Amino acid sequence: MASLLFNFFRLSACLLLLGAQAAIGQFSEEPILSVQTSKGITVDIYSEIAPLDINRIHSWQLRLTDAQGSPVSNAQIELVGGMPEHDHGMPTQPQITDETETGSYLLEGMRFHMPGKWLLDIQLTYTVGTEDLIVETTKIEFEL
Amino acid sequence: MTKKLLFPLILCAAAGLAFLVWSYVPLLTDNSWDNTDIRLIKSLSLSALPELAKDPSNSIGDLESAAEFGQALFFDQRLSGNGAVACASCHKPELSFTDGLELATGTAIGPRHTPSLLGISYSPWFYWDGRKDSQWSQALAPLEAGHEHNTDRATVAQLISQDKGYRNRYESIFGPLPGALPNVSATPLGKEAQVEQWDNLATIIQVQINTVFTNVGKALAAYQRKIVPGRSRFDDFADSLSPTSSEETNSILSSAEIAGLSLFIDKGQCASCHNGPLFTNHEFHNTGVMAIRGELPPMARYDGVRIARLDPFNCLGEYSDAQSNECTELRFARDENELVGAQKTPTLRNVSETAPYMHGGQIKTLNEVVRHYNDAPTSMLSHNEAKPLGLRPFEIKQLEAFLMTLTAPLATASKWLSPPE
């Protein structure tokens with residue numbers, strides 16, 4: 001089941017190669033990656049560097065929306081990544097440093113140092129409506 | 001009897017011949033590249049090298065007058081305890097800013113091999129273990145290292161203050177020097193007597209000395225930002241490559257070199273780390289290199305990142321010109337166990353001129369380096385990220401041939417490659 005779910009997320013994660021290069025400090029107009037969690041939270045990822053490239057440190061903006069399309073505020077987000085085929089992680093430890101707008105989170109310290117398959121684990125801790133605290137992890141795989 | 005021996009002899013000869021063919025006869029290779037190959041090869045060309053970004057921690061990094069000041073300092077042997085060692089003693093321009101030695105030898109034999117400086121300003125980290133997060137901060141450490149320049153910051157500040165030419169250059173770039181700097185040998189990192197002298201100085205004097213010392217590092221960095229590789233035969237090949245490459249393109253490199261390039265990006269997995277136009281990802285990897293003779297295997301980047309964080313001359317420190325939000329590499333640097341034994345990926349530009357190789361100069365030739373990666377031995381500490389490649393002997397030769405195509409005269413103007421007049 002877990003692998004089915006994982007494959008679903010892999011499939012649902014789409015890498016959109018954008019023609020326009022976003023400047024540092026500005027994020028791409030369209031998400032470069034997008035994934036939906038099992039509980040219906042959509043994570044849209046916007047990047048200062050689009051298309052993604054190796055060896056350049058940059059920031060991402062993560063926009064979280066619930067199944068009704070409303071932004072998810074006050075979420076805690078942790079991201080770890082790596083290259084399963086090379087048995088190592090990312091060269092940096094990216095962190096969310098700010099919720100810049102409701103449901104929009106600034107993720108600083110992104111850098112990839114090899115071409116190939118990357119796998120990111122994103123752990124979300126949040127509440128929607130009157131529900132209890134929800135903790136779930138979603139995966140995104142993409143190729144650089 | 002003769003007949004009995006004949007069959008095994010023929011069998012042995014056939015097996016021997018088959019082995020020789022397997023080892024030394026190149027396969028007939030197809031020189032066509034798919035779009036992914038072409039994209040990757042073009043990403044390695046110097047044409048893809050972006051303009052060198054400003055170093056926010058060094059506000060004078062791109063000033064021509066600072067580079068000229070730095071050039072004078074780089075070649076000045078007075079910046080050493082015995083008056084005989086300059087930066088250029090180990091970073092020799094004619095050897096792509098290396099020294100040809102196993103271990104760097106300044107005032108004494110040091111613990112590490114001298115790295116090349118070609119394009120190193122593009123790196124966010126310095127030293128084999130990344131213990132420094134800027135080029136100016138890096139430049140300070142050898143001055144005070146006992147086996148390198150073996151001088152101290154107070155003596156360096158005194159030289160800048162007393163040498164009329166240096167004083168003028170310094171003040172035109174950084175503003176007035178402090179009124180009276182003490183004529184002592186003092187540093188917090190030196191021998192007991194030097195540390196004692198340092199501790200006896202008033203804090204304001206310590207800050208003044210540190211400021212002059214820092215600015216010396218910033219000028220040295222401004223100079224080193226000029227040191228960039230030149231276009232090689234590989235770059236011409238990469239730039240002219242297309243899905244239907246002409247014979248003209250294919251004549252830029254020999255068939256062995258082209259086969260080596262194919263191995264470099266594919267079976268050899270070299271481009272996993274030696275990527276981008278400088279053939280380095282500026283990162284740290286454990287590749288199972290033997291420890292330096294007589295030494296325990298080093299913790300390398302695992303310790304290096306911790307040293308960088310504690311360094312008063314880092315990007316977040318009081319001597320840096322950067323805002324804290326500009327110090328992203330330092331703020332988000334990784335420090336996990338997998339960095340144990342991980343050394344920095346060096347550039348492969350002009351690699352044929354920078355032997356011997358690895359952090360301790362342990363491997364003498366490029367052929368041996370390729371064979372090391374082919375074997376991927378177990379790491380003495382932590383794990384080797386590389387896996388055995390299964391290259392045949394002729395493929396090792398082809399990879400070596402390709403690596404030789406990365407050598408070219410520097411793009412740096414010749415006036416920077418010798419002591420200033």
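Helices here are DSSP runs of H or I with at least four residues, and strands are runs of E with at least two, numbered from the N terminus. The model is predicted: local features need pLDDT of at least 70 and side-chain atom pairs count only at pLDDT 80 or more, while totals for chains, interfaces and linings use all residues. Residues are numbered from 1 along each chain as its sequence is written, chains are lettered from A and ligands numbered from 1 in the order in which they are written, and side-chain values use heavy atoms, with hydrogens and water left out.

Nine of the 10 residues of α5(B) are buried, so this helix is largely enclosed by the rest of the structure. Among the buried ones are Gln135(B), Trp136(B), Leu140(B) and Glu144(B). Ser137(B), also buried, is in contact (heavy atoms within 4.5 Å) with Asp311(B). Leaving aside neighbours within four places in sequence, Asp311(B) also touches Arg131(B) and Lys132(B). Asp311(B) sits in the loop between α13 (301–310) and α14 (328–331) of chain B and is buried, with a relative accessible area of 12%.

Two packed helices are described by the angle between their axes and the distance between the axes. For α6(B) and α9(B) the angle is about 75 degrees and the axes are 9 Å apart; axes are lines fitted to C-alpha atoms, for helices over the stretch in contact, and angles run from 0 to 180 degrees between N-to-C directions. The pair is therefore roughly perpendicular, the class for 65 to 115 degrees. On the α6(B) side, Arg153(B), Ala154(B), Val156(B), Ala157(B) and Ile160(B) meet Ile209(B), Asn210(B), Val212(B), Phe213(B) and Val216(B) of α9(B). The residues of this contact divide into eight nonpolar, one polar and one charged.

Ile160(B) and Ile209(B) are also among the residues with the most contacts inside the largest nonpolar core, which has 48 residues. Such a core is a set of buried Ala, Val, Leu, Ile, Met, Phe, Trp, Tyr and Cys residues joined through side-chain atoms within 4.5 Å. The largest share of this core, 10 residues, comes from α9(B). Phe69(B) is another of the residues with the most contacts in the core; beyond its neighbours within four places in sequence, Phe69(B) touches residues including Ile160(B), Tyr166(B), Arg169(B) and Ala219(B).

Further along chain B, helix α15 (residues 366–375) and helix α16 (residues 393–404) have axes that come within 9 Å and cross at roughly 125 degrees. These helices are therefore oblique to each other. Leu366(B), Asn367(B), Val370(B), Arg371(B) and Asn374(B) of α15(B) meet residues of α16(B) including Ile396(B), Leu399(B) and Met404(B). The buried residues of α15(B) include Val369(B) and His372(B), and their cover includes α16 of chain B. After α15(B) comes Ala376(B), whose phi is positive, near 45 degrees.

Chain A contains one helix and nine strands, running α-β-β-β-β-β-β-β-β-β from the N terminus. Buried residues make up 51% of its 144 residues. Of the contacts in chain A with a separation of 6 or more, 55% are between residues 24 or more positions apart.

Methods
Angles under 35 degrees count as roughly parallel, over 145 as roughly antiparallel, 65 to 115 as roughly perpendicular and the rest as oblique. Buried means under 20% relative accessible area, exposed over 50%, partly exposed in between (1.4 Å probe, protein chains only). Ala, Val, Leu, Ile, Met, Phe, Trp, Tyr, Cys and Pro count as nonpolar, Asp, Glu, Lys and Arg as charged, and the others, Gly among them, as polar.
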